[in-house]
Amino acid sequence: MLEAKSLRKAVVPPTLLQYPSPGNLQSTRLALHVNEDDSSCSAYIASGRHIYKLEISLEDSSLTRGKESLLIPVPAQVLHSSLVNRCPHRSEIQSVVLTETDSKYCFILGTVDCYGHLFVSRLVTSDQDVDRVTYSVLPFDNGVGEGSWAGLSFNPSQWSMAAVARSFCKTIDVYDQDIHLRSFSTLWYPSSMSFLQSSFYANESSILAVAEGCQLTIWDLRMKENGGCIQRIYGSVGDILYAVCSNSAGNIAVGGADRTVTIYDPRRWSALARWVHCSKYEITGLAFSSLESNHIYIQGVDYEVFCGKWKEKEKVFSFRGDSNWLGFSKCSNRDVIGGWSDSGSIFLADITTKEQEIKLPNGFP
């Protein structure tokens, strides 16, 4: 069982960023990383052609609840804020992603703009960042065409492998560092994707789940038949899917315009559970819990983010932003979820496991 340990609200300094650029319906312009001493959290946000970094304090604070388990945020201090000079994009950035490496003192920052131009930087969490490795990759067609939403996903078992999805072009390009491996052509506009973490496949690094239109499609980098598509699951016609995610148990979750979260089993490609109308409005963000596999975090366009048990179809807790979401993210190494709103506020929720009461027989203290 999960419970919220704290909920903090930090404000982006107006001297750093006063008016953020309008975001897409998919909130993919925020990435979070908790520092080693657990005293602060690094938040990377994208606005226009720039990336900004904020160090937000994670000092212990009291938790206030409202009606129906709604969490009330408390003010948080911004310890440091700066402009990240690693990603010289020429167009508006659409997605920001952080991924872990083998070293706990090093992680990877990836950004992609509306034309599919990818920048990848290796960041070292030290006072002097001497390992300033950065490379960029142009799309396979050199970014010809109209700009649109673009998504990015790193392979969890091989950080050098990244997939870039471009909505308007209906393409997904897979790279190994700056080497183009192959391209997939989708039938509909892709809106979200995730490398599978399932151990049911001999080579888990080759499987990619993509939400395109009202379909969930599964792609294998090793296959050439059907353009690499090995499975196509159809949803309700007209109900676009906006979010897809997976966990280490192999389950895949999708959600979208029908306000329903569906969990699929990759062994049989059948639905394990369907949490119908769990959100009041469209679902645009999903993330499985790293602590409890039967818990999932859901973000909707009505400013709400909530945690629920998808098997029991039960909401555990929730919190609300103060305006439209520009970014929604969960730390890859722990259960810290956050959202960045259009008003310049960043909400951070620290989640932990709830201690169960142990009842001892009579006669024991």
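Let me start with one side-chain pair in this predicted model: the side chain of D220 makes a polar contact with the side chain of R222, at 2.9 Å. D220 belongs to strand β19, which covers residues 215-220, and D220 is buried, because its relative accessible area is 5%, where buried means under 20%. If we set aside the neighbours within four places in sequence, D220 is in contact with R182, F184, S206, I207, G228 and I230.

From there I would like to turn to a sheet. Four strands form an open sheet in the order β2-β3-β4-β8, with antiparallel pairing. The edges are held by β2, residues 30-34, and β8, residues 78-84, and each of these has a single partner strand, so one side of each is left without a neighbour in the sheet. On average, and ignoring direction, neighbouring strands of this sheet are turned by 20° against each other. Looking at one pairing in detail, β2 and β3, the latter spanning residues 40-47, pair in the antiparallel sense over five bridges, and A31 stands opposite Y44 in β3.

My last topic is the nonpolar cores. The largest of them has 21 residues, and those with the most contacts inside it are V12, I45, I56, W340 and I346. Two or more residues each come to this core from β2, β3, β4 (50-57), β30 (336-341) and β31 (345-353). Taking V12 as an example, and not counting residues up to four places away in sequence, we find that V12 touches L17, I45, L54, W340, G344 and I346. Apart from this core lies another, of 16 residues, with L2, V305, C307 and V316 among them.

Conventions. Residues are numbered from 1 along each chain as its sequence is written. This is a predicted model: local features need pLDDT of at least 70, side-chain atom pairs count only at pLDDT 80 or more; totals for chains, interfaces and linings use all residues. Side-chain values use heavy atoms; hydrogens and water are left out. Buried means under 20% relative accessible area, exposed over 50%, partly exposed in between (1.4 Å probe, protein chains only). A polar contact is a pair of N or O atoms within 3.5 Å; within protein, one must be able to donate a hydrogen and the other to accept it, and residues adjacent in sequence count only if both atoms are side-chain atoms. Contact means heavy atoms within 4.5 Å. Two strands pair if DSSP finds at least two bridges between them. Axes are lines fitted to C-alpha atoms, for helices over the stretch in contact, and angles run from 0 to 180 degrees between N-to-C directions. A nonpolar core is a set of buried Ala, Val, Leu, Ile, Met, Phe, Trp, Tyr and Cys residues joined through side-chain atoms within 4.5 Å.
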